[in-house]
Amino acid sequence: MPGGTNMAMATHDSGARWKTFLSEAKEQEITLLLSKQTASPVIEVSFHDLTGFDPEFAEDILSSPRLIISSGHKVLSEICRDRGVDLDAMIRLSDLPRDTMRPLRDIGSRDIDKLRSLDVIVTKMSQLKPRIHLAVFQCETCGNTQQVDQTNESELVEPIRCPPDTGCGASIRGTDSTRFNLVMNVSRMINNQWLEIQELPENVPSGAQPSRAQVLLEGDLVNKHLPGQRITANVIPVVRSEIKRNKKTPMFDIIYHMVSSTHESVPFTEIKISDEEREQIEGVAAMENLMQVMQNSIAPSIFANDKLKLIKRSLALQLFGGVRRKTSDDSYLRGDIHILLMGDPGVAKSQLLGYMSNISPRGKFASGGGTTGAGLTAAAIRDTFGDGRFALEAGVLPLSDRGLAAIDEFDKISNEDRSSMHPAMEQQRIFVAKGGITATLPARCAVLAAANPEGGRFSNRNERSSIMTSFKETGLPYPLASRFDLLWLIRDETEVTTDTKIARHILDIRTSSVSENRSQEIDYEPDQSDGDEIFSVGVDGKKHLTIEFLRKYVAFAKRNYFPTLNDKAKLAIEQYYVNIRNETSKQDRSAGNYESEGDKDRVIPITARAIEALIRLTEAHARMHLKEIADEDDAKVALAVYKHWREDSKIEDESELHSGVSASKRSANQTNQTIRKVIREICMERGGSAGIDQIYNRAIDLGITEPQVDEVISSMSISGEIFSPRGGTYSFVR
Ligand code: ADP
Ligand code: MG
């Protein structure tokens, strides 16, 4: 068996080959290692370089990677020791040849103990645990010590016999038997960690569950990955026999030992765009009526009345999103556009969300009520990997990093998610400190949420009631409303003409679509399978972009275009903002309000938040048109969408978005007035500021509870009437 001998030869002389390679090609790195200036005692060896240096040896590594890599660790550590530095140095083999790449679901018996690369997303990460990798045992009889390499993470390998040349030669069985004790303080430990990985959702055949696997990481690789990250993992699949009722079985589980890993460098690498497709995209981007085409392409099977058309436009803008920016103080400004769809049941909210998560690169659909495990943000769960330690699992938001998270039944999200959603949506990071794990997971995704009213249907609003009345009916906490750039309300209104059109539309779709059984492939969807078509025609006879093409378009635009606003665009937004603020203050004055105390019921018609939303919408429109500069045309469309939203929502006082209380309500509310008076009195008495306890005390005397005080104070702080000079004290502005 020549192959067998070769392999034995290869592993046999690997020590010498490593020594030659390391001392000739890696001298600099070794010097650096010895000076202990590197973060971890690791030398990266590019497989490509190794092939250039010693092609035969590189081939050997591919056929028996485990033995050769571990011999590399030993040789490197020896080199260090010879030069007087005691290190457990390691080799990280990177740049594996392309043909080691495999889909996770295809890994089987032929891949065992070979080098493989997997494109995956990390879903869970465990706590660290130290493991002995080099055990030192002492013989009870003669006191001689010996070292045993521990290559199997699931059992400790103990010596069978004390070596006769250095020790007494006694074995663990027989008449002169001895025992061996592990000497902890000289045994070598290494940190390890488990990851759970999952195939990239894009590579999963439709309808199938993504394959998952567990990866063991050691040394410098621990804490390098975060749940939600997409990585190329270079691994060696190894087998562990399954254990049932304390007995080994002939079945084997595959686990993966990580050799090295790379993070994706360009976003959306999973979406390949050919030169031809690039030209097609540029062609479509130049179309005169691009916005109209986009609108038609968002869920063509959903019939749109005027309002839904506008909603579809805003959803198209959301797909492209604004530009995330880093400020001078190292914080980030969100670029993604968050949209909330509130609506009566049966108005196609869920269907819209499904569509959007499908169109968007890295889109994910989840139901607020039905998310299991990590929920929307993240969760620390004990014993996921079967060894008692905590693991951090990524929820929907981190998993749709750089994409879109469509969250249906948003009103039914768990209490835990409710509190964590707020920072997650604004900072787009999820901070976790649970079960001994602290981590910050990136969640740079747009949120498209749908909410139903608690009472089944939204109550009929009168002319002047604002969208916050409806928001309240969803039972969601008020501050969450201010995290959304746009809030839409879709009513199930009876209107004969529209009703007829919807009925006709649905009938057309239901009767013209291909019957599933009749079509050749079971999961044939006309929109999805014709991969290279740009346009298709809906039942309404309108041309729209296919889902495949639109997804590529969005990925292309998000990857390559980061528009900035020019002066004219800025001016347009500024004017709108200033106008609205002026108009309201004029109205106030003409109503004779100027004599009233200015701080009492000052109307906040529009807040700075709106400007941010407008910038994002403007950038998104420019990006859709593949422009680097967002100009006044882009601002105009953004303003149109935004104005419609505001008019439709009847928001007269934007601070209502934060507090749920509008200015008119604020002034009508007797309690509010009383609390204001109390704070004012205390401020007068105490030289300008009022402590919260004093406010509580006085309020309680007047029959007002602490939560009531808190609510008013928070709305006054948000609207800028009062501020807090020190923790727990409040002063009036000016
Ligand atoms: P929701 O989530 O708002 O309760 P669904 O998305 O479940 O509503 O929609 C209910 C059904 O009504 C779906 O089959 C949907 O196709 C249909 N439907 C409702 N409105 C429309 C519309 N405007 N055009 C086409 N179909 C619609
Ligand atoms: Mg629904």
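Where is Leu-626 found? Leu-626 sits in the loop between α19 (608-624) and β25 (629-630). Helices (H or I, at least four residues) and strands (E, at least two) are DSSP runs, numbered from the N terminus.

Before more detail, the ground rules. This is a predicted model, in which local features need pLDDT of at least 70 and side-chain atom pairs count only at pLDDT 80 or more, while totals for chains, interfaces and linings use all residues. Residues are numbered from 1 along each chain as its sequence is written, chains are lettered from A and ligands numbered from 1 in the order in which they are written, and side-chain values use heavy atoms, with hydrogens and water left out.

Leu-626 is not a glycine, yet has a positive phi of about 55°. Leu-626 is buried, at a relative accessible area of 13%. Buried means under 20% relative accessible area, exposed over 50%, and partly exposed in between (1.4 Å probe, protein chains only). Gln-428, not a glycine either, has a positive phi of about 55°. Gln-428 is in the loop between α12 (415-427) and β18 (429-434), and is buried with a relative accessible area of 1%.

Now the salt bridges. By salt bridge I mean a side-chain nitrogen of Lys or Arg within 4 Å of a carboxyl oxygen of Asp or Glu. How many salt bridges does the structure hold? The structure holds 38.

Arg-17 lies in helix α2 (residues 14-25) and Asp-54 in the loop between α4 and α5, so the pair ties together parts that are 37 residues apart in sequence. Both Arg-17 and Asp-54 are buried, with Asp-54 at 16% relative accessibility.

Next, Arg-105 and Glu-199 form a salt bridge, their closest N and O atoms being 2.9 Å apart. Arg-105 lies in the loop between β2 (90-94) and β3 (116-126) and Glu-199 in strand β7, so parts 94 residues apart in sequence are tied together by the pair.

Glu-218 counts as buried at 18% relative accessibility, and Arg-131 counts as buried at 12%.

As for the network, salt bridges link Arg-334, Glu-426, Arg-483, Asp-485 and Arg-616.

Last, the surface. Which residues gather in a patch of negative charge? They are Asp-693, Glu-706, Asp-710 and Glu-711. Patches are made of residues with over 30% relative accessible area and no salt bridge, like charges being joined within 9 Å and nonpolar side chains (Val, Leu, Ile, Met, Phe, Trp, Tyr) within 5 Å. Helix α25 (residues 706-718) gives the most to the negative patch, with three residues. Glu-706 lies in helix α25 and counts as partly exposed at 37% relative accessibility.

That is the tour.

Key. Areas by Shrake-Rupley, 256 points an atom, 1.4 Å probe, with all protein chains shown as cover. Lys, Arg positive; Asp, Glu negative; His and termini not counted. Charge placed at Lys NZ, Arg CZ, Asp CG, Glu CD.
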